[in-house]
Amino acid sequence: MGGPTASLHPLSRADGSASYRCPATGSNVLGSVNAPIELPGRRDALKPEDATIEVFVKPGTAPGGVGERHIEGILRDALSRIILGREKGYPRRGVVITLAIVGGDSIGRGASYLPILPALLHTSILALLSASVPLSMSISATILAVDSSGKIIREPSSADAAATASLHVLAFTSKGHLLLNESEGAFNFDTWERVYERALTICHGTSALGSDGDVAMTETVDSQPLEGLVRDTVEDRIHVEYAWKIDAA
Amino acid sequence: MASSAAVSTAPPALSLPPSQFARLQPHAYLLAHLSPPASSQQPSIRANGRAPSQFRVTSTNTGSLTHTNGSSVVRLGDTTAVCGIKAEILHTEDIASWSVSHSSSSSTPNKRRKLTNPTEKPGEDRQDGSDEVEDDDSYIEDFSLLVPNLSLSTGCAPGFIPGAPPSALAQSLSHRVLSLLHSSRLVRSEDLEIWYQRPNLGPEELERHNEDEQMDVDVEQDGSGSVGETREIKAFWVLYIDIMIISLAGNPFDAAWTAVLAALRDTKLPRAWWHADNETVICSDLVSEARRLSLRGLPVASSFRVFEADAASGWRAVIVPDAEEERKIAESDRKGIQRRWVLADPDGYEEGLAQERVCLVIDKDQRQNGKVVIVKMEKNGGFAVDRKELKELVAVSAQRWEEINKILGQC
């Protein structure tokens, strides 16, 4: 089974867009970002010095419900911490992130949204990069399941996720901070610490930071670190877009 | 009158009362409370007079609403939640997928799966030594037997207009309550099942019939005989859990979840059975026959917010210390100035000032000397809380569990 794949700018009308698919969890998400735009319903009394961030999640087969409102709130809280909404041109305007779940299993009422959360985070960060929205850091996220014997499963399929004791989604910034953690199911703190170590390795490789501040990406048992996926996708895109210049040089 | 005016002219009234300062400079106001100057000899205390890890006074009252099966009022400081639980009957013939997937005999594959592979169940279950056959909880999720709804449009806070459609916050809270009910497996589906015990028709009675009728009966008996019992589920109780936040001063989730817990503990379902002749479910009106739900454990929610001394930390272009440096700074923190405070049970004022939030749902396993089991751990919106901080918060939440356990035990 291959690792996750991503592409930048699949949509031509949006300011920025990205698609992301993770074969292991079966999730496939298409996201677009429009920023900065004028929001019609914006009230200036509400934080006039900052940009308003709006996230919309559209499930593939069903109309959106309370589960989508919840996950939109999670994404908004996480992303608003890394989007620099006070840069020039952004205050009082809006950053609108729209995420459509294109493939994968549909999520029923009251069911856990965690299996698709890493894909939604990756899609939105790539779409934000593609729209050139100022960010303080980038993020990478992963989902891990722990079964009742304590074994950690990376990126479980939806059938696996239903059978496990606990599910954990962790998102790390490119500087190694834990930005987001969503865990559910019965577990204890020692289990979570093991999950944390494993997730950090998946997102950042074994050695997180070199002495010169460069991120040293090392191949591990978990193949390429996810942080590298975000970088490589953007680098590839730049190579394509600047091909005329690189060839001329 | 004139003399008093003359006296007050001396100091120009530029000093503001604390309440106005709190409105004009909320961040500085809270920071001044949390880090008083060293010379003043005052303890670090929140603007509302609580210590950073102190929760508000919590009180509960159950069974106030007579038209519900169970109800509760929970006050968490000035946040008040009312929860009412109404049970309604869902006939299995009204469930479209029932006849396909779960006819009378087909509940056995589920049970069989459980019995052959008990290790696949979450840890909580294996400790339930008392129930011999594990109850299949997929019914609750598959047929939506628990329907929580949380309403904020009650005029609970100035921002929420009565009669408006449910806000994103209300929808999100409803979803969190529902997903926590599912993931903590608090309600047992065996409590919600209404069974029908088929009368045992003795075979000697049947032998008097003629030959071909007996054949039919035999076939039927073989089919049900393999199950062992002639029982089948005829209906389910559906619990409508309605939560009204009638006053909102921060931390609605803790209040709502505590209200749900208290109401579920208060819920009594009447004895119900299937009446074969009328083909309907009959409920007993005797209070003595009604039974309470047997809940699994007591998951207690505690929420926290992180207040940063640096007002610009939320929007600085270069978040300077990376995670490694951050830990070193934290070491030297204890000697010098504290830069951030984790505030337990934030009120509305603090919620507006602190972006990063943590929510922990903790249960203690009574069979294993009160071993702490984390049911849900959410952390979002910031970089301050990492492993070390979360470990401390788990300990704080474990204390909170004791408090709530005592409060709920009293009502």
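This is a predicted model: local features need pLDDT of at least 70, side-chain atom pairs count only at pLDDT 80 or more; totals for chains, interfaces and linings use all residues.
Which residues does B:Ile243 touch, not counting residues up to four places away in sequence?

Residues are numbered from 1 along each chain as its sequence is written, and chains are lettered from A and ligands numbered from 1 in the order in which they are written.

Now the answer. B:Ile243 touches B:Ala81, B:Cys83, B:Pro148, B:Asn149, B:Leu150, B:Ser151, B:Ala256, B:Ala259 and B:Val260; contact means C-beta atoms, placed from the backbone, within 7 Å.

B:Ile243 is also among the residues that touch the most other members of the largest nonpolar core, which has 142 residues. Such a core is a set of buried Ala, Val, Leu, Ile, Met, Phe, Trp, Tyr and Cys residues joined through C-beta atoms within 7 Å, and buried means 20 or more other C-beta atoms within 10 Å of a residue's own. Helix α11 of chain B, residues 252-266, gives the most to this core, ten residues; helices here are DSSP runs of H or I, at least four residues, and strands are runs of E, at least two.

Chain A has six helices and nine strands. Of its 249 residues, 48% are buried.

Next, the two chains together. In chain A, 42 residues are in contact with 43 of chain B. β9(A) supplies the largest share of chain A's side, ten residues. Five bridges join β9(A) to strand β14 of chain B, residues 371-380, and the two run antiparallel. A:Ser183 stands opposite B:Met377 in β14(B).

Definitions and conventions:
A residue is buried if 20 or more other C-beta atoms lie within 10 Å of its own, exposed if 12 or fewer, and partly exposed in between; C-beta atoms are placed from the backbone. Two residues are in contact if their C-beta atoms, placed from the backbone, lie within 7 Å. Two strands pair if DSSP finds at least two bridges between them.
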